Number of protein chains: 2
Amino acid sequence: MTQSFKGPTPSRRQFLSGAAAAGAGAVAASASGAATPDPKITELQPWATGFGEGVDATPYGMPIEFEDHVIRRNVEWLTADTISSINFTPIHALDGTITPQGCAFERHHSGAIELRKEDYRLMINGLVDRPLVFSYWDLERLPREQHVYFCECAANSGMEWAGAQLNGAQFTHGMIHNMEYTGVPLRTLLQEAGLEAAGDLEDKWIYVEGHDASSNGRSIPMSKAMDDVLVAFKANGEALRKEHGYPVRLVVPGWEGNMWVKWLRRVEVTDAAVESREETSKYTDVLEDGTARKWTWEMDAKSVITSPSPQAPIQHGPGPLVITGLAWSGHGAITRVDVSKDGGKTWETARLAQPGDPKAVARFYLDTTWEGEELLLQSRAIDETGYVQPTKAQLREVRGLNSIYHNNAIQTWHVKTNGEAENVEVS
Amino acid sequence: MTQSFKGPTPSRRQFLSGAAAAGAGAVAASASGAATPDPKITELQPWATGFGEGVDATPYGMPIEFEDHVIRRNVEWLTADTISSINFTPIHALDGTITPQGCAFERHHSGAIELRKEDYRLMINGLVDRPLVFSYWDLERLPREQHVYFCECAANSGMEWAGAQLNGAQFTHGMIHNMEYTGVPLRTLLQEAGLEAAGDLEDKWIYVEGHDASSNGRSIPMSKAMDDVLVAFKANGEALRKEHGYPVRLVVPGWEGNMWVKWLRRVEVTDAAVESREETSKYTDVLEDGTARKWTWEMDAKSVITSPSPQAPIQHGPGPLVITGLAWSGHGAITRVDVSKDGGKTWETARLAQPGDPKAVARFYLDTTWEGEELLLQSRAIDETGYVQPTKAQLREVRGLNSIYHNNAIQTWHVKTNGEAENVEVS
């Protein structure tokens, strides 16, 4: 059952250059070269001479203090108030695919409310046979599903339309998280309420809104509602955190995060889209000719290199280097990611840590050798539909420069000879 | 790409019994029966009239206060001191498969130490061509892998050998967690050090120990070391928590948790097992005839119903009921889980939320109807080798009653007519 590593391996000789075999275990060669005794090995260290913390110390644990920089961060100038704002997942410091809830980005329109399970209600109304109200515990009595899905804000990378603006993967691409959701398919609830009254479902819609003051109402075509939408109450095994919609949120796989209504209050079956504020003045894309794209729900294939990146520079000399990042597509599974070191002139195929899952984040690696040269690092995602992530130039040619949302262009990091990286554009 | 729900569905008529279709949306029928107006729906609620918390409030979030009972718990009488003790994952309150690090069980032999990345060293020595010392950052330069694996303490369910002792799935089966690990295959490090000096690898071993005072040394056959063992630095995307071995722990997939050495300090290649304290006086299984099984590393297939269970009683009347739990096997993937309501006389096949992954926890559901009758709930796991989880009687017949470790017997919960559940044995 072992899944062996099958990717390319870096040159061992280079990694070990200068390393001399030593006879005594305690005077081993350092993997980075030095063959001198290391006091951390040869001398007794304090943590080996005393006791650590007992199992009653942290009934619910937090990250160790040395990792206190791995946190969500907001950008003060981005919005007028933090209650209607966003913060960013520290993707530059994470690895793997799962985003812990505690550092998964938040976006609120009127702040994160506190809602008890006892106070929670979900109404299904409109063109249904039997309007219904579900308590939290009613939901727990229906058949559940589990899936890992990414949730990306439509505005992720939005500042970058106009050029390289924000210096760090956390800020350019951190409006994304990827969690294992448990919930009841929305179609189960709609079927409970009965859809005969709705007639032909082909042209029907639902309108969804939250318990918070903003309510954040959005219209969703019935075909999506009956497909893979979940009414979720757990993420990564435990209850949703307050900031992610406790106790219940909508999960709309592959579609923009704004539709994943938190503190879900009501689902109304309608015969037309509501054309709410959040789908007219917001979450539409103004094109070069002044017209606007709307109903741009699906998140196209996208990727970013998380390390090295401006917040995660190369901190070692020449030799083996792991280049890693994330790729995702709202249209299905990621099938391939390419990495360029020269700003898109040449490409190497990266290794996916696991085969891509539909509408979930994939982790990619390029195990390579760095000679200390300058790099123009890019990644390019390809999904199961064959779609290839576009360059900024390609995207601008179609969409112009007026957009905020749905920037899925290839990102470039300029890595300097000292290992530091910055956000740049290549023409 | 939609993965539709294909399991059995509960009777809708029963769920909706008494529910009357109502004309007005605001006077909808309650899903649990009542057709009277619900003030939580008809009256404006406080959380819809004000603002919630802003995005700067919780740079690293914690669970909402209403979930403060979902925590690790230790059992004071179990051990003399909490620095050499265990706590238990609140599996009765979780769903899905991922265990958040903050509530994943801990076991320490001399407490959880704090070790900075700067102070971290990993030595590879013994029968190698070039003894090597790796810094934390050296490890990050080698090709990484990612896998979700369960980690189960050999003593999980250990108190239950003598009969039904602990009242709650958290305490009977909570010495388990399931996380997505990122790390470097141990074989990569061994190959860096060179294994020509070791000669024939078939009869070689490694001895692994940690930086903490206990050091917790264990012997592992070379065949396992070269197979799927990881030197891990991330769990569920972020750095390992202190209590899980920050910055580096060993991951020994499918094998007992004690071998997953935390704060990994040294890997020595040897020509024989060391027969350390942790593999002679501890972590062996004394049989009826006084002899002891040793090298019982692999965790056999096992399962438990997490809800309903003593800490998660049925809190509703007759009608649809979701029975759910976890199943896992150290020998590979879970292929089937059966559930019995009558103490093992008859069985129904449960639904797996997703196909089982090798050496990872699987979530199962039985979507059923409860008539308010007494239940003797059991679950039975089957893995890809065809192994079937045994009854307690079958296990005792082979192993006697002197064991502490490796109790993978079928668990029984007695659910009473009021929905409360308790830990019982059936003969």
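Pro308(B) sits in the loop that runs between β16 (302-307) and β17 (319-328) of chain B. In this predicted model, a cis peptide bond links Ser307(B) to Pro308(B), with omega at about -5°. As background, most peptide bonds are trans, and most residues other than glycine have a negative phi.

**Cis peptide bonds**

- In chain B, the bond is the one between Ser307(B) and Pro308(B), and its proline belongs to the β16 (302-307) to β17 (319-328) loop.
- In chain A, Tyr246(A) and Pro247(A) are joined by a cis peptide bond whose omega is about 5°.
- To find Pro247(A), go to the chain A loop between β11 (238-239) and β12 (249-251).

- Ser215(A) is not a glycine, yet its phi is positive, near 60°.
- You will find Ser215(A) in the loop between β8 (205-210) and β9 (218-221) of chain A.
- Ser215(A) counts as buried because its relative accessibility is 18%, and the cut-off for buried is under 20%.
- Glu275(B), also not a glycine, has a positive phi of about 55°.
- The loop holding Glu275(B) lies between β13 (264-270) and β14 (285-286) of chain B.
- With 37% relative accessibility, Glu275(B) is classed as partly exposed, since that class falls between the 20% limit for buried and the 50% limit for exposed.

Technical notes. Residues numbered from 1 in each chain as written. Chains lettered and ligands numbered in written order. Predicted model: local features only at pLDDT ≥ 70, side-chain atom pairs only at ≥ 80, totals over all residues. Heavy atoms only, no water. Helix = DSSP H or I, 4+ residues; strand = E, 2+ residues; numbered from the N terminus. Buried < 20%, exposed > 50% of the residue type's maximum accessible area, 1.4 Å probe, protein only.
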